[in-house]
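Hi,

Here is the structure I promised to send over.

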Amino acid sequence: MIWDQRLLRVTIVDIDHFAHLCRIPMPLAERLAHVQREITNRPPQRLLAASKGVAAETLRRAYVLGLRHFGENYLQEALDKQMALKDLDGIVWHFIGRIQRNKTTALARHFDWVESVDRPLIAERLNTARTGMVEPLNVLIEVAISAEDSKGGCAPEEVPELALAISRLSHLRLRGLMALVHPQPGQADADFRRMAELFLALQQTPVHADLDTLSMGTSADYPQALRHGATEIRLGTTLFGARTQESL
């Protein structure tokens, strides 16, 4: 039972049954069931559990319920969880936080995806560090679509050049774009629309025709993101509750 489009065929009864069998506290199962109901009409290709500050054992429970993709913001916290959950087959680790240059080697070697590439230097360092590994590193370009100082990413007009630079790096596989939109609903709608346009424009160029991931939408706005064509949504609070809760 893996969370991709196939999971949408699992019934709510099945989720409750799994929760009972595995003694998973019901809040997590209920939240996951609620999300399932919410996205039935516009299912994303991937639900990424934004798991910053969530205990490894809670992620284990989420894994039992079908989640496989987990997004972490901090390297050391992620490495500790990876060690604790190394027995779980098929778990996929995404890095979704700000990238420091001195962390690129560890990111390239311990993650399956890095979703916050925002400049050529970071891409080049990740590519070098990935040398010798079997699979290329999946990467997304983070776009500063809302132009807020508090959020990272490259400027929208820089996306084509950065995408071309990444396409020339043999140990990286560019999968698409990622963005955090403005919190104000009206501005968010415009940001989602612009991201969809950027993504489509890239896909229409021969070198990027195989791009498949438009990552946008969080607990606050994922239904809106799905209406604009998001293929990956990142849910934290919606799945796990407030990070201070210990009852998950």
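How many of the five residues of β1 are buried? Five of the five are, so to speak at the head of my list, and β1 is mostly covered. Before I go on, please keep in mind that this is a predicted model.

**The overall picture**

The protein chain has ten helices and eight strands. Of its 248 residues, 50% count as buried. If you take the contacts in the protein chain between residues at least 6 apart in sequence, 61% of them join residues at least 24 apart.

**Back to β1**

Strand β1 covers residues 46-50. In a regular strand the side chains alternate between the two faces of the sheet. In β1 both faces are covered: Leu47 and Ala49 are buried on one side, and Arg46, Leu48 and Ala50 are buried on the other.

What does β1 pair with? One partner is strand β8 (residues 232-235), which runs parallel to β1 and is joined to it by four bridges. Within β8, leucine 235 is the bridge partner of alanine 49. Strand β2 also runs parallel to β1, with two bridges between them, and here alanine 49 stands opposite phenylalanine 70.

Alanine 50, in β1, has a relative accessibility of 14%, so it counts as buried, the cut-off being under 20%. Leaving aside residues up to four places away in sequence, alanine 50 touches Gly71, Ile96, Leu235, Gly236, Phe240 and Arg243.

**Strand β6 and its neighbours**

Next, go to β6 (residues 172-178). Six of its seven residues are buried, so β6 is largely enclosed by the rest of the structure. Strand β5 (residues 137-142) pairs with β6 in the parallel sense over six bridges, and leucine 140 stands opposite glycine 176 in β6. Together β5, helix α7 (residues 159-167) and β6 make a right-handed β-α-β unit.

β6 also pairs with strand β7 (residues 213-215), in the parallel sense over three bridges. Methionine 178 has serine 215 in β7 as its bridge partner. To get from β6 to β7 the chain crosses through helix α8 (residues 185-203), and this β-α-β crossover is right-handed.

**Helix α8**

Does the length of α8 agree with its residue count, or disagree? It agrees: at 1.5 Å a residue, its 19 residues should span 27 Å, and the end C-alpha atoms are 27 Å apart. The buried residues in α8 are Ala188, Ala190, Asp191, Phe192, Met195, Leu198, Phe199 and Leu202. They pack against α7, β6, β7 and α9 (222-227).

**Aromatic rings**

A search of the whole structure finds two aromatic pairs. In one of them, phenylalanine 70 and tryptophan 93 are tilted, at 6.0 Å centre to centre with 40° between the planes. Phenylalanine 70 lies in strand β2 (residues 69-72) and tryptophan 93 in strand β3 (residues 92-95), so this pair ties together parts that are 23 residues apart in sequence. Both phenylalanine 70 and tryptophan 93 are buried.

The other pair is phenylalanine 95 with phenylalanine 111. Their ring centres are 5.5 Å apart and their planes are at 75°, so the pair is edge-to-face. Phenylalanine 95 is in strand β3, while phenylalanine 111 sits in the loop between α5 (104-110) and β4 (113-117), 16 residues apart. Phenylalanine 95 and phenylalanine 111 are buried too.

There is also a ring with a charge over it: the charged end of arginine 68 sits over the ring of tyrosine 63, 3.7 Å from its centre.

Finally, look at alanine 147, in the loop between β5 and α7. Its phi is near 60°, a positive value in a residue other than glycine. Alanine 147 is exposed, with a relative accessible area of 65%.

Cheers

Conventions. Residues are numbered from 1 along each chain as its sequence is written. This is a predicted model: local features need pLDDT of at least 70, side-chain atom pairs count only at pLDDT 80 or more; totals for chains, interfaces and linings use all residues. Side-chain values use heavy atoms; hydrogens and water are left out. Buried means under 20% relative accessible area, exposed over 50%, partly exposed in between (1.4 Å probe, protein chains only). Two strands pair if DSSP finds at least two bridges between them. A crossover is right-handed if, with the strands pointing away from the viewer, the path from the first strand over the helix to the second runs clockwise. Rings of Phe, Tyr and Trp (its six-membered ring) pair if their centres lie within 6.5 Å; planes under 30 degrees apart count as stacked, over 60 as edge-to-face and the rest as tilted. A charge sits over a ring if NZ of Lys or CZ of Arg is within 6 Å of the ring centre and within 35 degrees of the ring normal. The expected span of a helix is 1.5 Å times one less than its number of residues. Contact means heavy atoms within 4.5 Å.
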